[in-house]
Amino acid sequence: MKWALYGERLGVCIFDLDITRTYLLRALNFVAHIAMRGGMILFITTNRDTMFAVEKTAEEVGQYSHVRRWQSGTLTNTRQLLGANVRLPDSIVFLSTLTSLGANHPAIIEAAKMTIPTIGVVDSNSDPAYLTYMIPANDDSLQSIQYLLRLFKEAVQRGQQARREQQQKENN
């Protein structure tokens, strides 16, 4: 992630906010389009500090969240795990791409296998491989994640509002 860093101060990596802004706008636009089409968005985090904020945000916009341990094969073997066909998410937002052990989240690889577009908040110690949209930002800070959640929430709400307006036009 060196390409997205502005520099370093006192041993702390500092992201170039112009680069972050560019990638963030692309990701928010994509999320709004998914919401406008009535798509299902899954918010995932493994950070204990942000679990409740992620669950609350997903619930407020009528979407889904997963904040617990990821069971291997959840996306690739749904029929075997659950005994029935289930609808997979249309997009997955990773608010932390690393597990508590520092490895890449296993759902990233599963989503890539199932061709589910992914959005990931990628910190300086993360690997952006297999992510469709990456957002270079701090995934450890509670304030950073809360800010990104507010932006994702607004993007989903705008997409849902555009869908309602489009349906009203079609009905008239």
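A crossover is right-handed if, with the strands pointing away from the viewer, the path from the first strand over the helix to the second runs clockwise. In this predicted model, β3, helix α2 (residues 51–60) and β4 form a right-handed β-α-β unit.

**Strand β3 and its partners**
- Strand β3 (residues 41–44) and strand β5 (residues 91–94) run parallel and are joined by four bridges.
- Within that pairing, F94 of β5 is the bridge partner of I44.
- Three bridges link β3 to strand β4 (residues 64–66), again in a parallel arrangement.
- In β4, S65 is the bridge partner of F43.

**Side chains of β3**
- In a regular strand, side chains alternate between the two faces of the sheet.
- From β3, I41 and F43 point one way, while L42 and I44 point the other way.
- I41, L42, F43 and I44 are all buried.

- Most residues other than glycine have a negative phi.
- T115, although not a glycine, has a positive phi of about 55°.
- T115 lies in the loop between α4 (106–113) and β6 (118–122).
- The relative accessible area of T115 is 69%, so T115 is exposed, the cut-off being over 50%.
- Y130, also a residue other than glycine, has a positive phi near 75°.
- The loop between β6 and β7 (133–136) holds Y130.
- Y130 is likewise exposed, because its relative accessible area is 53%, against a cut-off of over 50%.

Definitions and conventions: Residues are numbered from 1 along each chain as its sequence is written. This is a predicted model: local features need pLDDT of at least 70, side-chain atom pairs count only at pLDDT 80 or more; totals for chains, interfaces and linings use all residues. Side-chain values use heavy atoms; hydrogens and water are left out. Helices (H or I, at least four residues) and strands (E, at least two) are DSSP runs, numbered from the N terminus. Buried means under 20% relative accessible area, exposed over 50%, partly exposed in between (1.4 Å probe, protein chains only). Two strands pair if DSSP finds at least two bridges between them.
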